[in-house]
Every structure is written in C-alpha cells, then in structure tokens.
Amino acid sequence: MKKLFSILSFLTIAISLSAQSADSFLRINGSEDGFFADLACRDTLITVNVESSDDYSVTTTSSWCVVENKTRTSFDLVIGYNDSGKQRDCIIRVSNSERMAPIALSQMSAPFLRVNHRTGAMTYGVEADPVTVLLDIESSSEYTVVSPEAWIRAVKTESGCELVIDPGMKNSREGTVIVASGDLQIPVTIIQKAVSKKSPSLFVKLASLIVFCGWGVFAVVAP
C-alpha cells in the first residue's frame, strides 16, 4: 500500500512540474489530480468520466485491470476477481497531449473480512445510555454476527450490522461480538460504563435543610 501511495505521489508531482498550456485541461471524475480506489476481491466495473481539451489515452500497469468501452468522454475499468491470496495494486495513467491524471487501485484478495474498514479486533467504549453501534461489514462470502450477551443485540442491515445496546447497570460491563466469515473472525468488544450515581436534587437538599433547621429551633425553645 505504501508503495502504491509513493507512486501516486510521484506522478502527482510530475504533473505539477510539467509545462502545461493554460488552455489545456484534463479531468477524470471531476478531478485534475486523479483518484484512489480501495476495492474488494470481487469482479468490479468502474466507469471513469473524462473531460479533456484534446484526445486522451489510457494505460494500465496490470493485466487484471482492463480498459474497455473508451469514448471521447468516458471509459470503463474492468477488474477481475482476486483469488491470488494477497493484495494487489495497479496504476492507470490517463493522458492527453500535455497533462496526465493517475488512478491508483488497491484490491483485496479472497477470502477477506473487514469491519469498519479494519481486519483486526476492535473495541468500542459506550456510555450507560442506550446506544447503537454501526458496523460496516465487507466479506468475500456470507458472514454471521454472534452476540453472546443478552444486552447486546445484533441486527443485520444492508451494509452490515447494528449493535443495539441496552441501558447500563450499576457496574460497568464488557461483551464481545464475533463477526465471522468462513475461517475468518473479527471480535468487536463493547465496554459500557456504569450508571453514574446522581447527587440529591436541589429540592431534596433544601427539604433536608429545612427539617434540620426546624429541629434546631425546637431544641432551643423547648423547656
């Protein structure tokens, strides 16, 4: 990943240093600086919109990313399924006579599982009030979300899962939800604070003070 970003930075610097005519322009998906895409392992089609002052060309550094359906204003990037067992990167160069805009792609390999764009264990601290923690889940196959704790309810959504957490108790508590896909597992730990001990209200304090003063007066005047 660091290597990919280094290449993209180098290309961006090269663009800024090159001599360019004021009338020349090149924008892809509305950007003159290109863009980066973080892809899942599945087959993917990316349509790139092009605005160019003259004819442009597109070259790619990897055979798994193919340029198709090129027109004056757009082209498609067809990305194949990644079952290589490792992440792979690709640079696409869009160029006209004076300008160049790079596209950097990074594609994960199957099998994979990500929760909130992370592949490792994670922990969330929550207050004692009822709360919902959103989990964005990406997986190369069907996944499950299992909560062994009754106070954490897992509700699947279109993009992942909602963890609905009940109100807190007198003591803090901790529970771990397991997101699993095949042999891959990501534990999500929830640590909930205890219910805070509230001090007596102003009304209660005032009432106590009046009672205390009343007993004091009674003690003084009593025979």
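At a relative accessibility of 25%, Asp166 is partly exposed. The cut-offs are under 20% for buried and over 50% for exposed, with partly exposed in between (1.4 Å probe, protein chains only). The model is predicted: local features need pLDDT of at least 70 and side-chain atom pairs 80 or more, whereas totals for chains, interfaces and linings use all residues. Residues are numbered from 1 along each chain as its sequence is written, and side-chain values use heavy atoms, without hydrogens and water.

Asp166 pairs with Arg153 in a salt bridge, and their closest N and O atoms are 2.6 Å apart. A salt bridge needs a Lys or Arg side-chain nitrogen within 4 Å of an Asp or Glu carboxyl oxygen. The two residues sit 13 residues apart, in distant parts of the chain. Asp166 is in the loop between strand 14 (160-165) and strand 15 (173-181). Arg153 belongs to strand 13 (residues 152-156). Strands are DSSP runs of E, at least two residues long, numbered from the N terminus. Arg153 is also partly exposed, at 41% relative accessible area.

## Arg114 and its two partners

Six salt bridges turn up in a search of the whole structure. Arg114 takes part in one with Asp38, at 3.0 Å between the closest N and O atoms. That pair spans 76 residues of sequence, from strand 2 (residues 35-39), which holds Asp38, to strand 9 (residues 113-115), which holds Arg114.

Elsewhere, salt bridges join Arg27, Glu32 and Glu51 into a network.

Nonpolar side chains in soluble globular proteins tend to be buried together. The largest nonpolar core here has 21 residues. Core members are buried Ala, Val, Leu, Ile, Met, Phe, Trp, Tyr or Cys residues, joined through side-chain atoms within 4.5 Å. Which residues have the most contacts inside this core? They are Val48, Phe75, Leu77, Ile92, Val94, Ile103 and Leu105. Two or more residues come from each of strand 1 (26-28), strand 2, strand 3, strand 6, strand 7 (88-95) and strand 8 (100-107).

Val94 shows how these parts meet. Setting aside neighbours within four places in sequence, Val94 contacts Leu26, Ile28, Tyr56, Ser57, Val58, Phe75, Arg99, Met100, Ala101 and Ile103. Contact means heavy atoms within 4.5 Å. A second, separate core has 19 residues, among them Val126, Tyr143, Cys161 and Val177.

## The aromatic pair

Aromatic rings pair when their centres lie within 6.5 Å; planes under 30 degrees apart are stacked, over 60 edge-to-face, and the rest tilted. That rule gives a count of one aromatic pair. Tyr56 and Phe75 make up this tilted pair, with ring centres 6.2 Å apart and 40° between the planes. The pair connects distant parts of the chain, 19 residues apart. Tyr56 is in the loop between strand 3 (44-52) and strand 4 (57-60), and Phe75 is in strand 6 (residues 74-79).

Thr189 belongs to strand 16 (residues 184-192). Thr189 is buried, with 13% relative accessible area. Beyond four places in sequence, Thr189 touches Met122, Thr123, Tyr124, Glu174, Gly175 and Thr176.

Ala180 is placed in strand 15. This alanine is buried, at 13% relative accessibility. Ala180 and Glu142 are 38 residues apart along the chain, yet their C-alpha atoms are separated by 8.7 Å. Leaving out neighbours within four places in sequence, what does Ala180 contact? Its partners are Leu113, Glu142, Tyr143, Thr144 and Gln185. One of these, Tyr143, is included in the second core.

Terms used: Rings of Phe, Tyr and Trp (its six-membered ring) pair if their centres lie within 6.5 Å; planes under 30 degrees apart count as stacked, over 60 as edge-to-face and the rest as tilted. Helices (H or I, at least four residues) and strands (E, at least two) are DSSP runs, numbered from the N terminus.
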